[in-house]
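Please read this briefing alongside the sequence and the three-dimensional view.

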Amino acid sequence: MSRPVKPYGDTMNDGKVQLSFALPLDWSEAADEAARQLVAKMGFTDVQVVEGRPIARGFSTFVVYASTPQTIDVDAVKAPSVKTHAMSMEEIDAYVREHLGRKIRIAGACIGTDAHTVGIDAILNMKGFKGNYGLERYQMFETFNLGSQVAAEDFVRFAKEHAVDALLASQVVTQKGSDIKNFTALVELLEAEGLRDRVVLICGGPRVTNLMASELGYDAGFGRGTVPSEVAAFVATSLAGMNARGR
Amino acid sequence: MELRIDRTLVERCRALAAAITAPVSDFIAAHSTVAVERSALRLLGVDGVGTNEVPVPNLIIDSLTPEHRAHGVALSFGRALAETGLDPLALGEAIAAGTLTLSQFAQTPDEAARGALRPFVEAALARVRAHRAEREQRLAELPQLPPPLLYVIVASGNIYEDRTAAVAAAEAGAQIIAVIRSTGQSLLDFVPYGPTTEGFGGTYATQENFRIMRSALDEVSERLGRYVMLTNYASGLCMPEIATMAAIERLDMLLNDSMYGILFRDINMKRTFVDQHFSRMLNAYSGIIINTGEDNYLTTADAVEQAPAVLASQFINEEFAHSAGMPDRQIGLGDAYEINPDLEDGFLYQVAQAQLARQIFPNAPLKYMPPTKHMTGDIFKGHLIDAMFNLTSVMTHQTIHLCGMLTEAIHTPFLADRALALENARYVMNTARHFGDEIVAKPNGVIERRAQAVLADCSALLERVADLGLMHAIEAAVFADVSRAPDGGRGFDGVFARADDYWNPFESALRQQGDAYVPAR
């Protein structure tokens, strides 16, 4: 069965979309027309440049409304969620006691040159995020927050020396694909060290999606708005699964 | 609007800040760092890089034994100048190339060594004074628009792209351009060299990059008929060297906080305090306005809870700046609009905090930072939160206004994002220009009571810090819930005790001339 949808303005299937962008052009009526034709070339129809004006010498900005002829079949869309195991901190601690019978050792770091610890701190620090306590507060997690600008080599060495069960790599800065490079370097290093299959490997950051994470070879990826218990539940259930399979 | 606050409590806070910083100042007076010594060399004219792109000032300082560096690099460098007849640049290159070492020069008496340095010291100071005078002249000829001065960042990683963005932002109304540094530069114990086109989340601060941006901004300033200021970061392990380069290339502002690097970058506190002091002496002399980093307390913890810590840090930053010879008009104390937008009356608390700072530090060019922590992918709501921030800023007479970007949570700003942010600020500040002067806060209302409570809690916090001592208070995680040990963190190995005959010609000169030089208001 298919379920096609397209953007909704004020009428079903009108396909209405708003766009805004700058062009490296001084503003003129021709610049407005260039913007219109550009959007038409993108495949949109009924293109209206509702605003076009100069913002600096050699630059103009535009607001455009248009319709898209495209539809998407939502039933064919796959975006696996990792946030399926909704459990509270107490439930997670109890689950770990029952299924693992020991504390989970988890290490988190902002890898590469990234100095933005806001994500990793939200998940690991006692205080947590949005009223959801961080992993440091869990009785059944032993947490190591390595902070910012941790080289992949150092992260892997730490994981080895401390027999870490789960690694949490965070990237906030995404400029010029630095996040992908750093995430990839970490996976490759873990594989080279023969550690990859023995740990739960997670990445996180405001631009991370679970789909992207699985493509990079991670067990899960957590994006914006993630609360600590979602990460904790994933780690706990994954480790229990690995245990059952006898890793 | 004028809030009724307890002036005796304000005076108590200032007295506490003086008591807190005094023992640290004693420590500072007895120590130097590798970065301070490198700054002295840079001021003398040493520049360039040697093998593996290591800067010449690093090569020279790293070649000194601990016993040797305890005297300061200046005297032995002066001896080498006297005995070789080279100028500082050529001497530096020879040492970097390994053809000379400082330890081989021991013949020249101290007085002759000082004499050999004197013309270079005087030339350096004259150069800094000339830049300062040039800034004052340009500001007189090309007056800025009234404050809040609209400040935006550029951060492409490529200085040439940054230049395009900076010029476009100036044309769109920006009055201050800050070039954000590449992520991680604060942890480098050297300053990269030359123009750079690769960086992550920002562009490396190098002297050549400073020059490229200064020249572009001078050109656009003349075209627009108003002076556009340039800002960079005197923070991290090379704080005093950046201050040196900024003085030489006529930057107008520098981010420079007395505790930021300690708490948020795990840079050793002793290193930071010593570096900070020399940086500020130089900033005072070069007429550069510092921007302190109190916004960081709010981005990493709850903004309502942390309000007293912000004020306490402002008092401490003010006192450290005064003790380095900075006048109020160069002390851009920081604050930020970071209260959770879902909190009822959050706007009132923001107004209370901003107005409190304005009344306590009436002559300081306060630096107001935009919302970042609660910005999301919802750019429409973000633009609205920024408008409330803009309103708070204009109604409480903030001086330096970092424009919030609707795409704050998404990427380093696009060119059009900056234009939108500037338009937002110009609209709100124009339409509400004198709003703050027209309204009276309800006596004993939410705003006034909040301001009074923050001041009272700040005073209690400063009492605690004074009891513990600043270094131990930082260790006890009094600030930002972060604990740092006095001898821990990065860069501690670059701190050393001064020998009895330690000498840094710039420090002495800045201290004397700094007092004598009364800047024009």
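A residue is called buried if 20 or more other C-beta atoms lie within 10 Å of its own, exposed if 12 or fewer do, and partly exposed in between, with C-beta atoms placed from the backbone. By that definition B:Ala113, B:Leu117, B:Phe120, B:Ala124, B:Leu125, B:Val128 and B:His131 are buried in helix 7 of chain B. The model is predicted, so that local features need pLDDT of at least 70 and side-chain atom pairs count only at pLDDT 80 or more, while totals for chains, interfaces and linings use all residues. Residues are numbered from 1 along each chain as its sequence is written, and chains are lettered from A and ligands numbered from 1 in the order in which they are written.

**Helix 7 of chain B**

- Helices (H or I, at least four residues) and strands (E, at least two) are DSSP runs numbered from the N terminus, and helix 7 of chain B covers residues 110-141, which makes 32 residues.
- From first C-alpha to last, helix 7 of chain B reaches 46 Å, close to the 46 Å expected at 1.5 Å a residue, where the expected span is 1.5 Å times one less than the number of residues.
- A kink of about 35° lies in this helix at B:Leu117, shortly before the proline B:Pro119; the bend at a residue is the angle between axes fitted to the seven residues ending there and the seven starting there.

**Contact between the chains**

- Two residues are in contact if their C-beta atoms, placed from the backbone, lie within 7 Å, and on this basis 17 residues of chain A are in contact with 16 residues of chain B.
- On the chain A side, strand 2 (16-23), strand 3 (45-56) and strand 4 (59-67) are the elements that give two or more residues.
- That side of chain A has 8 nonpolar, 5 polar and 4 charged residues, where Ala, Val, Leu, Ile, Met, Phe, Trp, Tyr, Cys and Pro count as nonpolar, Asp, Glu, Lys and Arg as charged, and the others, Gly among them, as polar.

**Nonpolar cores**

- A nonpolar core is a set of buried Ala, Val, Leu, Ile, Met, Phe, Trp, Tyr and Cys residues joined through C-beta atoms within 7 Å; the largest has 173 residues, and those with the most contacts inside it are B:Ala169, B:Ile177, B:Ile242 and B:Leu254.
- A second, separate core of 49 residues includes A:Ile92, A:Ile111, A:Val156 and A:Tyr218.

**Two buried positions in chain B**

- B:Phe190, in the loop between strand 3 (176-179) and helix 9 (207-224) of chain B, counts as buried because it has 20 C-beta neighbours inside 10 Å.
- Leaving aside neighbours within four places in sequence, B:Phe190 is in contact with B:Val54, B:Pro55, B:Asn58 and B:Cys238.
- B:Asp386 belongs to helix 16 (residues 379-395) of chain B and counts as buried because it has 25 C-beta neighbours inside 10 Å.
- B:Asp386 and B:Ala421 are 35 residues apart in sequence, yet their C-alpha atoms are 8.0 Å apart in space.

**Backbone geometry**

- Most residues other than glycine have a negative phi, and most peptide bonds are trans.
- A:Asp46, in strand 3 of chain A, has a positive phi near 50° and counts as partly exposed because it has 13 C-beta neighbours inside 10 Å.
- A cis peptide bond, with omega about 0°, joins B:Pro147 and B:Pro148, and B:Pro148 lies in the loop between helix 7 and strand 2 (149-154) of chain B.
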